Amino acid sequence: MVTAGIYARISSDPDGTRLGVQRQIDDCRSLADRLGWTVADEYVDNDVSAWSGKKRPEYRRMLDNIKNGVIDGILVWHPDRLHRHPKELEELIDLVEGVGNIRIETVTAGDFDLSTSAGRSIARIVGAIARKDSDDNSARGKRKAAELAAAGKVAGGGNRPFGYEADKLTINPTEAAVIREMANRVLAGDSLRSVAVDLNSRGIRTAKGNEWNSGGIKRVLMWPRISGRRERAGEFYTAVWPGIITPEESDRLRRKLSARNRSTGRPPRRYLLTGGLLRCGRCGAAMKARPSTRGRRYVCPGDPGLGGCGRMSATADPLEQFVVEAVLYRLDSPELAATLKDTRAQQSELSELHDQVAADQAMLDELADDWANKVISRSEWMSARDPINKRIEQGRRRLARISPTTAIDDYAGNTKLLRSAWADLPLSRQQAIVKVLVDHVVVNPAVPGRGFDPQRFAPIWRL
Ligand SMILES: [Zn+2]
């Protein structure tokens with residue numbers, strides 16, 4: 001039986017996206033019920049400026065109660081409630097190691113076992129992601145947009161959307177009729193270009209008064225807005241404005257138009273975690289990138305012949321962010337520095353091994369020829385073949401263990417440099433860096449009711 005304390009924190013809330021303290025506590029209490037834990041105390045700090053390093057008296061009191069054995073568990077809504085600075089997390093880790101057997105459960109991201117190195121890694125990565133969100137100057141705007149999207153409200157700024165008046169809420173009947181016509185014609189098989197030519201010839205102009213082109217028509221028809229919805233991070237929300245076409249029509253249009261993305265418009269954003277980097281936690285199959293009307297996703301392919309179970313999927317953006325943070329974290333770790341030293345020493349072995357395997361392979365071919373030409377007997381062939389096969393097998397296994405590390409040579413131990421360069425690196429380079437460190441990431445089933453849950457994803461490190 002675990003005797004737990006609930007920790008909640010009120011932080012600065014300019015965007016109204018932070019959860020009220022009562023809700024944090026209520027959710028933690030129901031989690032305690034589910035786990036069969038006793039709640040001994042609640043600790044609530046009013047940490048209005050989390051970043052100024054203000055003291056948190058209740059947090060301190062909770063740590064004391066852990067030390068004194070009053071509680072042996074912590075319940076918290078999200079891991080970022082507990083600590084915002086790496087230093088605080090390290091202090092907590094030290095405490096947990098000193099006292100031993102302390103359980104930490106979160107409502108949104110499952111349990112954190114700080115007594116194992118895997119659990120500590122996850123906690124550090126989650127901390128890094130939370131800090132990155134806070135550091136990011138645009139994060140505030142993004143959260144605002146997410147909140148607006150969730151509430152289905154109008155975002156500020158931007159031009160008047162075609163089909164609506166300047167308040168972005170009232171339908172413009174003339175333009176709405178044009179949108180319905182565009183939708184019907186494209187769904188019926190008309191090309192974007194032919195619709196544009198026709199609209200222009202009838203003097204119909206865009207919201208800015210320009211002539212139409214295929215890209216412009218496609219943008220309008222791909223818009224969730226015209227079906228009375230908002231989209232955020234791959235999810236649709238019902239908006240406060242009325243739709244001009246139905247959500248079903250919108251979905252059909254989006255499917256149809258994204259299918260021919262190659263020939264028109266912007267290229268879709270590409271996928272970082274391809275080439276077997278993700279594996280389905282149910283069946284072990286390699287997960288594939290699959291764009292959908294709900295955004296970029298990775299799925300376990302259920303299509304016949306592809307060998308997957310078809311029962312696993314993950315939204316691409318947060319998963320990619322998680323893997324990148326995990327890689328940056330790994331690059332900074334002392335373990336990696338040590339491994340890299342060994343690996344570099346092995347690099348000279350690489351070419352030698354490659355040559356050896358190639359030579360053995362050639363010898364096998366020669367033997368097969370000799371047997372075919374009756375130069376040697378079958379038993380001679382067999383007895384010569386076995387030791388060579390064995391050597392090739394050993395060479396291959398050794399090769400698999402030595403991975404070329406050149407992709408990360410510039411960055412190991414200097415993740416600040418990599419972090420600032422990351423967004424501008426070409427996808428192939430980003431993938432090369434990920435692949436040096438990560439053998440694959442196992443994607444486990446989502447726990448219903450959780451948001452992005454980093455514990456679904458288990459990186460299997462190569463280095
Ligand atoms: Zn599967």
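The donors of the zinc ion are spaced along the chain in the pattern C-x2-C-x16-C-x8-C. In this predicted model, the residues behind that pattern are Cys 280, Cys 283, Cys 300 and Cys 309, each of which coordinates the zinc ion through its SG atom, at 2.2 to 2.4 Å. The angles among the four donor atoms run from 100 to 113°, and the site is tetrahedral. For comparison, the ideal angle for four tetrahedral donors is 109.5 degrees.

The site also joins distant parts of the chain. Cys 283 belongs to the loop between β8 (278–280) and β9 (288–292), whereas Cys 300 belongs to the loop between β10 (295–299) and β11 (313–315); the two residues are 17 residues apart. How exposed or buried is each of these two residues? Cys 283 has a relative accessible area of 36% and is therefore partly exposed, since this class lies between the limits of 20% and 50%. Cys 300, at 3% relative accessibility, falls under the limit of 20% and so counts as buried.

The loop between β10 and β11 also holds Gly 307. With a relative accessible area of 60%, Gly 307 is exposed. Its C-alpha atom is separated by 8.8 Å from that of Ala 286, although Gly 307 and Ala 286 are 21 residues apart along the chain.

From the metal site, the reader may turn to the chain as a whole. Its secondary structure comprises 15 helices and 13 strands. The chain has 463 residues, of which 40% count as buried. Among contacts in the chain with a separation of 6 or more, 63% are between residues 24 or more positions apart. The chain exposes about 23900 Å², and 50% of this area is supplied by carbon and sulfur atoms.

At least three residues of the core come from each of domain 1 (3–135) and domain 3 (269–463). Which residues does Leu 82 touch, leaving aside its neighbours within four places in sequence? Its contacts are Tyr 7, Arg 56, Tyr 59, Met 62, Ile 74, Val 76, Glu 88, Leu 92 and Ile 104.

Arg 330 counts as buried because its relative accessibility is 16%, which is under the limit of 20%. Leaving aside neighbours within four places in sequence, Arg 330 is in contact with Glu 335, Leu 336, Trp 461 and Leu 463.

Asn 101 is found in the loop between α4 (86–99) and β4 (103–106). Its phi is positive, at about 55°, although Asn 101 is not a glycine. Asn 101 counts as exposed, at 67% relative accessibility. Lys 374 is found in the loop between α12 (334–372) and α13 (378–401). The phi of Lys 374 is near 60°, which is again a positive value in a residue other than glycine. Lys 374 has a relative accessible area of 73% and is exposed, because the limit for this class is over 50%.

Terms used:
Residues numbered from 1 in each chain as written. Predicted model: local features only at pLDDT ≥ 70, side-chain atom pairs only at ≥ 80, totals over all residues. Heavy atoms only, no water. Domains from an automatic or database assignment. Contact = heavy atoms within 4.5 Å. Donors = N, O, S within 2.8 Å, 3.2 Å for Na, K, Ca; no water. Tetrahedral: all angles 85-135°; square planar, octahedral: opposite > 155°, others 65-115°. Helix = DSSP H or I, 4+ residues; strand = E, 2+ residues; numbered from the N terminus. Buried < 20%, exposed > 50% of the residue type's maximum accessible area, 1.4 Å probe, protein only. Areas by Shrake-Rupley, 256 points an atom, 1.4 Å probe, with all protein chains shown as cover.
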